[in-house]
Amino acid sequence: MKTTPSASDQDLFHIPLPFYDIPVSAGQSRFPSPAQDYEIAEIDLNKQLITNPPATFLTRVTGDSMTGVGIYPGSILVVNRALKPRSSSIVVVLLDGELMVKRLYKHAGVVKLLSENPTYAPITLTEGQELMIWGVVTYVITATT
Amino acid sequence: MSLPQPLKSVYALADANSFYASCEKVFRPELEGKPVVVLSNNDGCVIAQSKEAKAALALYMCRPWFEVKEAAEQIGTIAFSSNYELYGAMSNRFVQTLRHFSPRVEVYSIDESFMDMTGLKRDLNVYGHEIKHTVRQWTGLPICVGFGHSKTLAKLANHCAKKQPGWDGVCDLTSLSVPELDHLLASLEISTVWGVGKRLERRLHAVGVTNVLRLKHADPKRIRDKFGVLLERTVRELNGEVWLELDQMMPEANQVMSSRSFGHRLDSLTDLQAAISFHAGNAAERMRKKGLYANAVYVFIQNSPHDEAPYYCGQQMIALPSPTNSTQQITKAALWLLNKVYQPGVYYLKGGVMLMELVAEGGQQRELFGFSQQDSKNHRLMGTIDQVNAKYGRGTVKTAAEGVRQDWQMRRVLKSPGYLHQWKDLLKVR
């Protein structure tokens, strides 16, 4: 198709500029708003409760052996597997094929699993009994309603 | 005065052992030491085995479950339907943990990642054990780590770490003297080398290349003439020359990956959808060329670990209702996954689609309600799309990006709970 230079070619060079109907203060636009320094992120529970995401797992409590420390049936436990379990840590353990939450007691070669409910007796580990510590409980989340 | 020597590259490959079975065991710790198998979609075939199952049921891999069920249950095997969402999430945790050990990690597959260790002033054997221990402690996954001066050597080191008990799960080929390394290579079958399959092994045997050491010492030019440029590259890599950079892949037998860095950083979902659709179509086409069908789709998007912003890598996997080679189905699944991993405010630099658990045309079942790939209409459509694209260039014909509803029904009666995805399915502790 043959064309001759016309107004349409001129139009190619006419680029409409976008119009922004907002107040602009001359001389200031190159600088970031001073308020930016004060812009902080809102509180994020994930960040607070889960400091090491790849190592953190949520679990659900089914038993009532730890009610004394606010761990009830239905509570959610934040379990961090990266932490080293110490004596008095609250831990999720595998004992006799079952996962349970207990307070760990380690002293002078004696290892016990303590409950926080007087109706449950402490479990003292006997020779040859295998205890696998699955993770350390760092937070408990319990609904109030 | 001597000029400083250029740093010799060092790569690590971290590979999870019996990955799917190990993921199941993390949430069922009482199964430690017990045989576990994972079944494909619709509980069809055995697609993964724990090492205990491997020892007793080695021949059962890829066999239909109904055929092997009785023998498996006799030795106390626990079977699971595949829970790809869980495996995808655990894979993500695995990679996140590895990032504590190297700034440059390349996800190679769902259960393997390469790491750049060049210039690290550490005893690599000790470091490897630290990585292995940390991944096990944090995520519960058992892994092996191999180190080498090329990716091919790192992969080979990982093979040794896994198969030869003496290494205790960590094998550092960079610490071996040349005679020690050669002695080890002479003991390895050629098919243990990355990218060399059984067929190529037979052809190499026929010309007297019977072990990895002989392959290493083969003349690269003659190898190229007779076997092609890929194997030449492998020979050079076996000699410690770097021919594959961190982001360059070798094709894996049982998966097809399409991924690359975006031309520029993308932050809008629309742009990412376009990119992921492209990769889905590309991967599907490459898979069809091999005459294969996918059982699962895996999607990842990430920003650069060198960015000032925090590193984010979203990755998820989903099982398909029945094996498919359809671009539409794969694109739908990929976009659905993209929606799940997309986080606004991240400037993504790279993304891709991986098709996994590939099966041959013959080995599939017909779905009752789903789409069947035997369906000749779809078959013809895919053939036509590939032809048009071959003639007029990729992307001439492509799918309109559609949303996808997860209304796929599958028989997965042995599936473990959604421990990481559903509040009601959280791991229970008494």
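Guide: A salt bridge is a side-chain nitrogen of Lys or Arg within 4 Å of a carboxyl oxygen of Asp or Glu. Please bear in mind that this is a predicted model.

Visitor: Which residue forms a salt bridge with Lys216(B), and how far apart are the closest N and O atoms?

Guide: The partner of Lys216(B) is Asp182(B), with 2.8 Å between the closest N and O atoms. This pair joins distant parts of the chain, for Lys216(B) belongs to helix H9 (residues 212–217) of chain B and Asp182(B) to helix H7 (residues 178–186) of chain B, 34 residues apart.

Visitor: How many salt bridges does the structure hold over all chains?

Guide: Over all chains there are 19 salt bridges. The count between chain A and chain B is 1. The side chains of Glu98(A) and Arg430(B) meet in a salt bridge, at 2.9 Å from N to O.

Visitor: How much area do chain A and chain B bury between them?

Guide: The two chains bury about 2100 Å² between them, and 61% of that lies on carbon and sulfur atoms. In chain A, the residues that lose the most area to chain B are Pro54(A), Arg60(A) and Arg81(A), together 28% of what that side buries. The contact draws 25 residues from chain A and 20 residues from chain B.

Visitor: How are two packed helices described?

Guide: One gives the angle between their axes and the distance between the axes. In chain B, helix H10 (residues 220–227) and helix H11 (residues 229–238) pack at about 155°, their axes 7 Å apart. Angles over 145 degrees count as roughly antiparallel, and H10(B) and H11(B) are therefore roughly antiparallel to each other. Their crossing is right-handed.

Visitor: Which residues make the contact of H10(B) with H11(B)?

Guide: H10(B) contributes Pro220(B), Ile223(B), Arg224(B) and Phe227(B), while H11(B) contributes Val229(B), Leu231(B), Glu232(B), Val235(B) and Arg236(B). By kind, the residues of this contact are 6 nonpolar, no polar and 3 charged.

Visitor: At what angle do the axes of H4(B) and H5(B) cross?

Guide: The axes of helix H4 (residues 84–98) of chain B and helix H5 (residues 124–139) of chain B cross at roughly 140° and come within 10 Å. That angle makes H4(B) oblique to H5(B). The crossing is right-handed. Among the residues that meet here are Met90(B) and Phe94(B) in H4(B), and Ile131(B) and Trp138(B) in H5(B). The residues of the contact divide into 6 nonpolar, 3 polar and 1 charged.

Methods:
Residues numbered from 1 in each chain as written. Chains lettered and ligands numbered in written order. Predicted model: local features only at pLDDT ≥ 70, side-chain atom pairs only at ≥ 80, totals over all residues. Heavy atoms only, no water. Axes fitted to C-alpha atoms, helices over the stretch in contact; angles between N-to-C directions. Helix = DSSP H or I, 4+ residues; strand = E, 2+ residues; numbered from the N terminus. Parallel < 35°, antiparallel > 145°, perpendicular 65-115°, else oblique. Left-handed = near helix turned anticlockwise from the far one by under 90°. Contact = heavy atoms within 4.5 Å. Nonpolar A, V, L, I, M, F, W, Y, C, P; charged D, E, K, R; others polar. Buried area = accessible area lost by both parts, 1.4 Å probe.
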